[in-house]
Amino acid sequence: MAELRHSSSLGSRASNSPMKRDAVAVAFGGAADSSPLIPDSHLTDDDEHDRHSSKERDRHVCFFLNDDPRVSPHNSRISLFFTFLLLLVGLVSVFTIFHKLNAPYLCKKDGIVLHCPHVKESPSLWENPFSSTTSWRPCAERRDGVLSELPHENETNGYIFIHAEGGLNQQRIAICNAVAVAKIMNATLILPVLKQDQIWKDQTKFEDIFDVDHFIDYLKYDVRIVRDIPQWFTDKSELFSSIRRTVKNIPKYAPAQFYIDNVLPRIKEKKIMALKPFVDRLGYDNVPPEINKLRCRVNYHALKFLPDIEQMADSLASRMRNRTGNSNPYMALHLRFEKGMVGLSFCDFVGTREEKVKMAEYRKKEWPRRYKNGSHLWQLALQKRKEGRCPLEPGEVAVILRAMGYPKETQIYVASGQVYGGQNRMAPLRNMFPNLVTKEELATKEELDGFRKHVTSLAALDFLVCLKSDVFVMTHGGNFAKLIIGARRYMGHRLKSIKPDKGLMSKSFGDPYMGWATFVEDVVVTHQTRTGLPEETFPNYDLWENPLTPCMCRA
């Protein structure tokens, strides 16, 4: 529209020029052919010839506007026809330009509803190409028949005890690391305690969520594990509070050698030591390959949820596959857009002025050191969005999925907490994909009541239903998403796990000149290699998201 307005204004200004007014007058009747200061009789022959030539040209150019009776009716009709045709073409061209300038560059928004053009479904919409997924197989499972070389409990170097902090998935990683550290130091592992988290506020015990018997039995050839603190150690509270019984100086992503040099001597001296804190306290590429393989063995084989959790998850997955009356594939969407996640991200999102004020107050209260006086936050938000470090909004997820080719009928299971902004925020996604459900909509209240006493049990249901899906889509980072993607890779790279390129998407969403076709091409091309296909590991890689080299073998 800016270009159109600019052209029209130039046209209106041009007609105000005296010289151009004369030229216009010439074209429409020749009234200004001669100057009023010079009579016609004074014109030279050359001038007279030029004047008549000009009039002839004008007459040929504008004969269809002339009422000259010498023009035949036949020629007049042809002229009118061509004039009408030119006007019609001009109107269509102007309308097309106007439409392109005023049409939404991606999807049309009608209130809270998004309307995106249809995209043809690709053959690999619901699974990765077979040719790309057959070169690797899982190989971290226990090898039955191997003689145990483990020393007796009394012959190990001592006992280690850990608090598995955070939510369910952070606790899972801590448990895997604890087994690995026990192996490194030839220590006996006391069954980890699942520590109550400030956000989760859950009192779940290990045995409330995981199958303890299977856990201990499956790892019996690798690490000595006991259910409780030995009876001879009478002051059990000392393990939770005493500094003398706690190793606190373990750096993040510590190498195996650090435990041998710094932790093992204290265990030998005290016989029982607590390792605290224990979040991400073991590296990946600075430990022996067999230790990483052991961590995969714990994660993918030893840690099994209780049978009732597994059965309920199987039931939910079955209901997702039969929602249409016939067998249908389903997508699992991990939507990270809870109030806490939005606040912690310090990103800027679409919303009313009142919402933005309330969010600023929330951030100032929860993270005062990061908030400071708030003056730097706008620049920080722009930088984080540019780098792809902001959670995707539900509406953005909808547009990306439609660009990938997923139709309106797609069955989507949503694993999410309470979405910030409620139903209004979810409306664009739900309107574009109406077959969108949560576990609360799939199961009855009575079915879920047995799991509500432990928040981690509900999280475990989401974990398993996402794990069993045909396509898994993450919208932001976190332990849940990377554990799901890693497990689906380990199970076979045929399972599609989509990890959106949020940096590129933010540029596309912010480009007012990008059309739908270009956007679709960018989305499809960019995400061809972001669907859980085999990826070679690299220094400081994340074992939980990519178990390829240490835990999988060439087929």
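Strand β10 (residues 331–334) runs parallel to strand β11 (residues 412–415), and four bridges join the two. In this predicted model, the two strands belong to an open sheet of five, ordered β12-β11-β10-β13-β14 with parallel pairing. The model also holds three disulfides.

**The sheet**

**Disulfides**
- Cys139 and Cys553 form a disulfide with their sulfur atoms 2.0 Å apart, and this link is right-handed, with 90 degrees about the S-S bond; it connects the loop between β3 (136–138) and β4 (159–164), which holds Cys139, to strand β15 (residues 552–554), which holds Cys553, across 414 residues.
- Cys139 is buried at 12% relative accessibility, whereas Cys553 is partly exposed at 24%.
- Cys296 and Cys551 form a disulfide with their sulfur atoms 1.8 Å apart, and the torsion about the S-S bond is about 70 degrees, so the link is right-handed; Cys296 lies in helix α10 (residues 289–302) and Cys551 in helix α24 (residues 548–551), 255 residues apart.
- Cys347 is joined to Cys390 by a disulfide with an S to S distance of 2.0 Å, which is left-handed because its torsion is about -90 degrees, and both cysteines are buried.

**Other cysteines**
- Cys176 is buried at 1% relative accessibility, but its sulfur is 8.4 Å from the closest cysteine sulfur, in Cys296, and therefore too far for a bond.
- Cys466 is buried, with a relative accessible area of 0%.

Key
Residues numbered from 1 in each chain as written. Predicted model: local features only at pLDDT ≥ 70, side-chain atom pairs only at ≥ 80, totals over all residues. Heavy atoms only, no water. Pairing = 2+ DSSP bridges. Disulfide = S-S within 2.5 Å. Buried < 20%, exposed > 50% of the residue type's maximum accessible area, 1.4 Å probe, protein only.
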